[in-house]
Amino acid sequence: MDIYKPLVALLAIVNPIGVIPFFIHFTSGFNREQRQHTIRVSSFSAFLVISISALLGLKVIEFFGISLASFQVGGGTLLLISSLQMLNAQPAESRKEDLSEGSSKLSAGASIAVVPLTIPLLTGPATISTMVIYAEKTRHWWELAVLVGYGVVVGLVTFAVFSTAGRIARVLGQTGINIMTRLMGLILAALAVELLADGLIKLFPVLASHLAR
């Protein structure tokens, strides 16, 4: 396993800076204690999604009898779609309905820390697919532990970004946030193509012989 690629992919997909406008909107009516509680829950939830995906994701696809090569092609395609969304300055896993659904939950007095803030705005199918694909590449227990550790890193980064969301928004502005999101999208697109090509070669070995020429 290339030890740094999973972390780069995770930071590009989760991209908490790109979620700042949603976070500010959803927590605009919160007091300091409520906002801090939302930050803690969403950061810990992001860590849980990443860690559980790394530890149990392979078991799930084995249970359903899905070949890893097929999953890698599907996951790579999903990452590519997410990267195209980010190139349009949208969070990787967001939908148009997320803003209205989050507002509806707030009106009903429900917590928005897990849904929609953590899932799908921060983490979702693309994040889960990435962790499963890289978990398969691990050969030692410590490599799997590193993937879980990356979940901790992402959780801490999310906590730090959300805790300083107001200052970041003032410094970067919407234009700066859009530029950061597009940059992360470009990085994610490159990783997605790499994973997609790897999966296609496993499914169709003849492609490898043609590429070697």
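1. Let's start with Asn-15: its relative accessibility is 5%, so this residue counts as buried (buried means under 20% relative accessible area, exposed over 50%, partly exposed in between, using a 1.4 Å probe and protein chains only). Asn-15 sits in the loop between α1 and α2 (16-26). Its phi is near 40°, a positive value in a residue other than glycine.

2. A word on what you're looking at. This is a predicted model, where local features need pLDDT of at least 70, side-chain atom pairs count only at pLDDT 80 or more, and totals for chains, interfaces and linings use all residues. Residues are numbered from 1 along each chain as its sequence is written, and side-chain values use heavy atoms, with hydrogens and water left out.

3. Ala-89 also has a positive phi, near 65°, and it isn't glycine either. You'll find Ala-89 in the loop between α4 (68-87) and α5 (97-107). With a relative accessible area of 14%, Ala-89 is buried.

4. Now the overall plan: the chain has 10 helices and zero strands (helices are DSSP runs of H or I with at least four residues, strands are runs of E with at least two, and both are numbered from the N terminus). Of the 213 residues in the chain, 44% are buried. Among contacts with a separation of 6 or more, 85% join residues 24 or more positions apart (contact means heavy atoms within 4.5 Å).

5. Have a look at how helix α1 (residues 5-14) packs with helix α7 (residues 125-136): the angle is about 175° and the axes are 10 Å apart. Axes here are lines fitted to C-alpha atoms, for helices over the stretch in contact, and angles run from 0 to 180 degrees between N-to-C directions. The two helices, α1 and α7, are therefore roughly antiparallel (angles over 145 degrees; under 35 is roughly parallel, 65 to 115 roughly perpendicular, and the rest oblique). Residues that meet include Leu-10 and Ile-13 from α1, and Met-131 and Tyr-134 from α7.

6. Finally, check out Leu-56 in helix α3 (residues 32-63). Leu-56 counts as partly exposed because its relative accessibility is 47%.
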